[in-house]
Amino acid sequence: MTNSAYGHKLITHDGKHVDFDSALQIPDHRVSWAIYDNLEADKAKFYTFDAKHGDALYASILIPKINGLEEYAPSLLLVRPPGLENDSTLPEDWSNAESFPYVGEFPGDEFYEPFGQVTYWERQEVRTHILTDGRYFIVVADDTGRDGKYAFSIGTIEDFSGEDFLVTLPVAWLETKIFVNDYLSVGVFFSILIIVPAIVVLLIIRRLRLRISKTQ
């Protein structure tokens, strides 16, 4: 795997991208994005982006190292235009759809992401080139009959601004912890947010009281 969660910007969502019409828009498939998603048994999640002939495409799936997900491996499908001649949600009815199932062993190689302090199991990784201009879809579908969760990443270009370091990355860290059910770290995070300002306020009050007592 290529540093699969290094430099990825998080895309938040409401989880309602469950068909072609509601597919989650990827702003630029060349930029590194990460999406944390839950997937119900025998369901699918849809993502879409616009691309041009010759563009490189990278996409991958990681499974958080959580008990019960050791053998979880949803399929990944790339739907090229045209490919939506009907409204069927069944992959076998889509033309121009290429499937990328996971073909490795379980639980899979491990990947540690230091920013969120989370370990993942590696699943499929897609590297290809766009053949035709148009709108493309990536579909992550469960064919195992079980619920699960995954991290979907796309793109390889790191694109961060100063605002991202101040706002986006802290929010991404928090969402990562919630995604892997690490509520202890979330509790510690909010405790620090409350305790540190409280200590600062108490120190300011103490200094003010000392100044007042000296002037009396």
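Trainee: In β11, which residue is the bridge partner of D37?
Mentor: The partner of D37 in β11 is Y150. Strands here, like helices, are DSSP runs numbered from the N terminus (helices are H or I, at least four residues; strands are E, at least two). Before we go on, this is a predicted model, where local features need pLDDT of at least 70, side-chain atom pairs count only at pLDDT 80 or more, and totals for chains, interfaces and linings use all residues. Residues are numbered from 1 along each chain as its sequence is written, and side-chain values use heavy atoms, with hydrogens and water left out.

Trainee: What does the protein average in pLDDT?
Mentor: The average is 82, and 73% of the residues score at least 70. pLDDT is the predictor's confidence in each residue, from 0 to 100.
Trainee: Which element has the lowest mean pLDDT, and which the highest?
Mentor: Helix α1 (residues 162-179) has the lowest mean, 63, while strand β2 (residues 24-25) has the highest, 97. Also, pLDDT stays under 50 over residues 1-6.

Trainee: Okay, how many helices and strands are there?
Mentor: Two helices and 11 strands. Along the sequence, the pattern is β-β-β-β-β-β-β-β-β-β-β-α-α.

Trainee: How many of the seven residues of β3 are buried?
Mentor: Six of them, so β3 is largely enclosed by the rest of the structure. Buried means under 20% relative accessible area, exposed over 50%, and partly exposed in between (1.4 Å probe, protein chains only). Across the 216 residues of the protein, 41% count as buried.
Trainee: Which residues touch the most other members in the largest nonpolar core?
Mentor: That core has 29 residues, and I26, Y47, F49, I138, Y150, F152 and I154 touch the most other members. β5 gives the most to this core, four residues. A nonpolar core is a set of buried Ala, Val, Leu, Ile, Met, Phe, Trp, Tyr and Cys residues joined through side-chain atoms within 4.5 Å. There's a second, separate core of 10 residues, including A23, A44, W94 and F137.
Trainee: What is F49 in contact with?
Mentor: Leaving aside neighbours within four places in sequence, its contacts include I26, L57, L78, I138 and I154. Contact means heavy atoms within 4.5 Å.

Trainee: What about S153, buried or exposed?
Mentor: Buried, at 4% relative accessibility. S153 is in strand β11, and its side chain has a polar contact of 2.5 Å with the side chain of S60. A polar contact is a pair of N or O atoms within 3.5 Å; within protein, one must be able to donate a hydrogen and the other to accept it, and residues adjacent in sequence count only if both atoms are side-chain atoms.
Trainee: Where is T48 found?
Mentor: In strand β4. T48 counts as buried at 3% relative accessibility, and a polar atom of its side chain lies 2.8 Å from the backbone oxygen of Y136.

Trainee: New topic: which residues does a cis peptide bond join?
Mentor: F106 and P107, with omega about 0°. P107 lies in the loop between β7 (97-100) and β8.
Trainee: And what's the phi of D42?
Mentor: Positive, about 65°, although D42 is not a glycine. Most residues other than glycine have a negative phi, and most peptide bonds are trans. D42 lies in the loop between β3 and β4 and is exposed, with a relative accessible area of 56%.

Technical notes: Two strands pair if DSSP finds at least two bridges between them.
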